[in-house]
Amino acid sequence: MKTKDRTLDAAALEKLISAAVAAPSMHNTQPWRYRLDSGTRTLELHAATERAVRHADPNGRALRISAGASLFNLRVAADHLGWEPVVRLLPDPGEPTLLATVRLAGPPRADTHGGRDLYEAIWRRHSSRFPFSDRRLPAEVVNQLIEAARAEGACAHFPGTDETCRLLELTAEGERRNLADSERRGESDSWVRERADTGIPPGAVGPLDAGAHLPMRSFTEPGFPRRPPPAVFEPRPLIAVLTTAFDGPGDWLRSGQALQRILLVATANGVRASLLHQALEWPDLRWALRDTHDGPEHAQMLIRLGYGPSGPTTPRRSPQEVLDDGPR
């Protein structure tokens, strides 16, 4: 589908934004807005601060990781449609909600975004909050995931059994604190919605782990008579720890792009994933997630990976809802 240069018409713009909004976000808040400068063929990515999860994410780290994931999808789609996506992160200190710009130059100089496989994975990827099998990922796939993080300036570590148990204990402690904090519990429950274009439908939440192997988020409000009965999750979950060397807004955007590249590579290989960020919502627990043997790196996400059911999808806003004021 790549051409020497192509016009950014309404159909192409809709494909680009549809890809961007297919990214994951905390509680499926979709905290992003896009604007088009048609004169320079540049898309601006803005934070939708009204969709922030303020109690669990007071400094906007999770919001920026979500925006980075959306940005990576946009890059993949632009490359697929025949443009070189020229990205600038945090281009204007005077406009704090402007997180990145993507100028659609062209044509792509090289296949740096995974080609057709990753573009098609955008539409198939979604979180699975259901049990995985005991089947282990082949070493080749694990190496691809490590390389995916490295390509975006981040690191993906796959800890051993003892370290994984420690990380899951920290995650469980984060969940216990979330349940004990009425403001945080109410905030997360408010994003469980029966009919909406954002948030998590009750049927997509998934069961709790009857065997206590995996600390799943315990939503408590509407719709949970329909929650699946408890199930036994995998006794030895495979967890990837996504880290960055530094820990500022630019690093959060880069880690979001690394996260989404990992998720799309996993999807292209038939691997399911879900995100465990309860411990990341508490500064002391997040600091404790780091592995001192790997140096003073900053944990950005825990990714559970494996083979299992795809699970229900979560809704997305339409391109028209995400694109501010249309082309300008």
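1. Basis. The model is predicted: local features need pLDDT of at least 70, side-chain atom pairs count only at pLDDT 80 or more, and totals for chains, interfaces and linings use all residues. Residues are numbered from 1 along each chain as its sequence is written, and side-chain values use heavy atoms, with hydrogens and water left out.

2. Helices α2 and α3. Helix α2 spans residues 61-81 and helix α3 residues 115-124. Their axes come within 9 Å and cross at roughly 130°. That makes α2 oblique to α3 (under 35 degrees is roughly parallel, over 145 roughly antiparallel, 65 to 115 roughly perpendicular, the rest oblique). Axes are lines fitted to C-alpha atoms over the stretch in contact, with angles from 0 to 180 degrees between N-to-C directions. Helices are DSSP runs (H or I, at least four residues), as are strands (E, at least two), numbered from the N terminus.

3. The α2 and α3 contact. The crossing is left-handed (the near helix is turned anticlockwise from the far one by less than a right angle; clockwise is right-handed). F72, N73, V76, A77 and H80 of α2 meet R116, L118, Y119 and I122 of α3. Contact means heavy atoms within 4.5 Å. By class, the contact has 6 nonpolar, 2 polar and 1 charged residues (Ala, Val, Leu, Ile, Met, Phe, Trp, Tyr, Cys and Pro are nonpolar; Asp, Glu, Lys and Arg charged; the others, Gly among them, polar).

4. Helices α4 and α7. Helix α4 (139-151) and helix α7 (249-268) have axes that come within 8 Å and cross at roughly 150°. That makes α4 roughly antiparallel to α7. Their crossing is right-handed. Q144, L145, A148, A149 and A151 of α4 touch A258, R261, I262, V265 and A266 of α7. The classes are 8 nonpolar, 1 polar and 1 charged.

5. Largest pocket. Its space is about 730 Å³. Of 44 lining residues, M26, R217, H277, E281 and M301 are closest to the centre. A pocket is an open set of points on a 1 Å grid over the protein atoms alone, where a 1.4 Å probe fits, with protein on both sides within 12 Å along at least five of seven lines; lining residues have an atom within 4 Å of a point. Helix α2 gives the most to this lining, with 4 residues. The lining has 20 nonpolar, 12 polar and 12 charged residues.

6. Second largest pocket. Its volume is about 290 Å³ (the space filled by probe spheres set on the points, which are joined across faces, edges and corners). Helix α5 (residues 161-180) gives the largest share of the lining, 5 residues.
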